[in-house]
Amino acid sequence: MKSNLSGVALQMASHHKHIIQVNLWSKKEQGPWDVRGCLEVVLKDALSNLDKKLKQYNLKLVCREGDDSSTMIREICTECGAGAVYWNKEHTTESRIREGKYRTALQEMNVAGMECQSSLLYDPTS
């Protein structure tokens with residue numbers, strides 16, 4: 001199970017027998033980088049296209065919306081019995097806080113958490 005699965009995260013997750021693509025959405029956690037207005041339409045269209053592509057490979061896209069994405073991760077891990085969660089690292093202050101919550105939640109559940117570099121050439125925080 002993972003959030004924003006693509007690139008390196010997808011490659012790493014593909015070594016597992018089962019993969020569940022997950023998109024978590026929390027407007028409350030987005031801060032100034034929130035996707036709003038027209039960008040929401042683009043995001044919904046992209047998720048719809050991703051879902052169609054995943055279905056070609058018998059994979060499923062799970063979309064959840066709520067106030068706390070770490071709670072959503074806990075719920076999904078419990079529902080599917082996940083042993084590992086992979087996600088692509090984002091590079092905003094809000095995402096660092098959110099990803100820290102992911103790591104804490106996953107450690108408490110004894111689920112491996114793997115943060116992966118996305119499509120950026122280098123990590124700007126390095």
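User: What makes the end-to-end distance of helix 5 agree with its number of residues?

Analyst: This is a predicted model, in which local features need pLDDT of at least 70 and side-chain atom pairs count only at pLDDT 80 or more, while totals for chains, interfaces and linings use all residues. Residues are numbered from 1 along each chain as its sequence is written, and side-chain values use heavy atoms, with hydrogens and water left out. Helices (H or I, at least four residues) and strands (E, at least two) are DSSP runs, numbered from the N terminus. The expected span of a helix is 1.5 Å times one less than its number of residues, so the 16 residues of helix 5 should span 22 Å, and the 23 Å between its end C-alpha atoms agrees with that.

User: How do you know that the buried residues of helix 5 line one face?

Analyst: Buried means under 20% relative accessible area, exposed over 50% and partly exposed in between, with a 1.4 Å probe and protein chains only. In helix 5 the buried residues are E94, S95, R98, E99, Y102, A105 and L106. Seen down the axis, they fall within an arc of 125°, so they line one face of the helix; the arc is that of the directions from the helix axis to the C-beta atoms. The face turned away from this buried side carries the exposed residues T93, I97, Q107 and E108.

User: Why is the pair of W87 and Y102 called edge-to-face?

Analyst: Rings of Phe, Tyr and Trp (its six-membered ring) pair if their centres lie within 6.5 Å, and planes under 30 degrees apart count as stacked, over 60 as edge-to-face and the rest as tilted. By this rule there is one aromatic pair. The ring centres of W87 and Y102 are 5.5 Å apart and their planes stand at 85°, so the pair is edge-to-face. Because W87 lies in strand 4 (residues 84–88) and Y102 in helix 5 (residues 93–108), the pair ties together parts that are 15 residues apart in sequence. Both W87 and Y102 are buried.

User: Why is C77 counted as buried, and how do you know that C77 is in no disulfide?

Analyst: C77 has 3% relative accessibility and therefore counts as buried. A disulfide is a pair of cysteine sulfur atoms within 2.5 Å, and a search of the whole structure finds zero of them. For C77 the nearest cysteine sulfur, that of C80, is 5.9 Å away, and C77 is in no disulfide.
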